[in-house]
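I opened this model to look up its pockets and some of its strand pairing. These are my notes in the order I made them.

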Amino acid sequence: DGGIFAFNAPFYGSMGGKPLNAPVVGIASTPSGSGYWEVAKDGGIFNFGTGAAFQGSMGGKHLNAPIVGIAADPATGGYWEVASDGGIFNFGAPFLGSMGGKPLNKPIVGMTAAPGGNGYWLVASDGGIFNFGAGATFQGSMGGKPLNKPVVGVAAAPSGGYWEVATDGGIFNFGAPFLGSMGGKPLNQPVVGIGGLTGVNGYWQVASDGGIFNFGLPFVGSMGGKPLNAAVVGIAGV
């Protein structure tokens, strides 16, 4: 529903309690933490904070497939939206390629920007990785390998590698250190996203009930066990 829960991070506002044409499916923070963008399934963008300028959106425009994620470009201050068919829509950020119109074994479920800009990775539910731009090199993927549960997100590492996360909290690391996971451990609700901090090796997993699992990063609070009006769908570190 666009509600934001801030833990050791500034709250700039949210869409919680406001009318939406389509549900929110992702969030991206500015590298400096001076703002964030929420993206809805129809491509609508909601911006909060002085650093997160509105640069355009796909809201109200025709889409071949629903939007499933957003990533901020650290080089330009713009952002990319990604659809489940791998289509990329760029606003204040360069278009570097997409999987739109190309065959996919499984739908795209998320994206992350290269730490220095000039690139992004898309991840599919089977763990397949698609890289675009000189800053986002391919380091491996779970595509074609057996998974206990589907992949739901990807986060960039300072090294130029990345982590994939599955709904059971399993972590798959490529060019990035393995720091632990919830794979094989009991969860009250499935993991829905992964986020980290710029320049730091570590990641948080977030579950649909707002529970947080921290690896290489501090635990600073969560919504686990607290009442929610709607399920949590993503996380962004600042």
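In what sense do strand 13 and strand 14 pair, and over how many bridges? The model is a predicted one. In it I find strand 13 and strand 14 paired in the antiparallel sense, with four bridges. I looked up one of these partners: Gly195 is bridged to Trp204 in strand 14.

Next I followed strand 14 to strand 15, residues 212-215; the two run antiparallel and are joined by four bridges. Here Tyr203 has Phe215 in strand 15 as its bridge partner. The hairpin of these strands leaves four residues between them, and Gly210 there has a positive phi near 90°.

Is strand 14 buried or exposed? Five of its five residues are buried, so the strand is largely enclosed by the rest of the structure. I checked the faces: Tyr203, Gln205 and Ala207 are buried on one side, Trp204 and Val206 on the other.

Then the pockets. The largest has a volume of about 900 Å³. I list 41 lining residues, with Met111, Thr112, Val154, Ile194 and Ile235 nearest the centre. Strands giving at least two lining residues each include strand 7 (108-113), strand 10 (151-156) and strand 13 (191-195).

Key
Residues are numbered from 1 along each chain as its sequence is written. This is a predicted model: local features need pLDDT of at least 70, side-chain atom pairs count only at pLDDT 80 or more; totals for chains, interfaces and linings use all residues. Side-chain values use heavy atoms; hydrogens and water are left out. On a 1 Å grid over the protein atoms alone, a cavity is a set of points where a 1.4 Å probe fits but cannot get out, and a pocket is an open set with protein on both sides within 12 Å along at least five of seven lines; lining residues have an atom within 4 Å of a point. Grid points are joined across faces, edges and corners, and a volume is the space filled by probe spheres set on the points. Buried means under 20% relative accessible area, exposed over 50%, partly exposed in between (1.4 Å probe, protein chains only). Two strands pair if DSSP finds at least two bridges between them.
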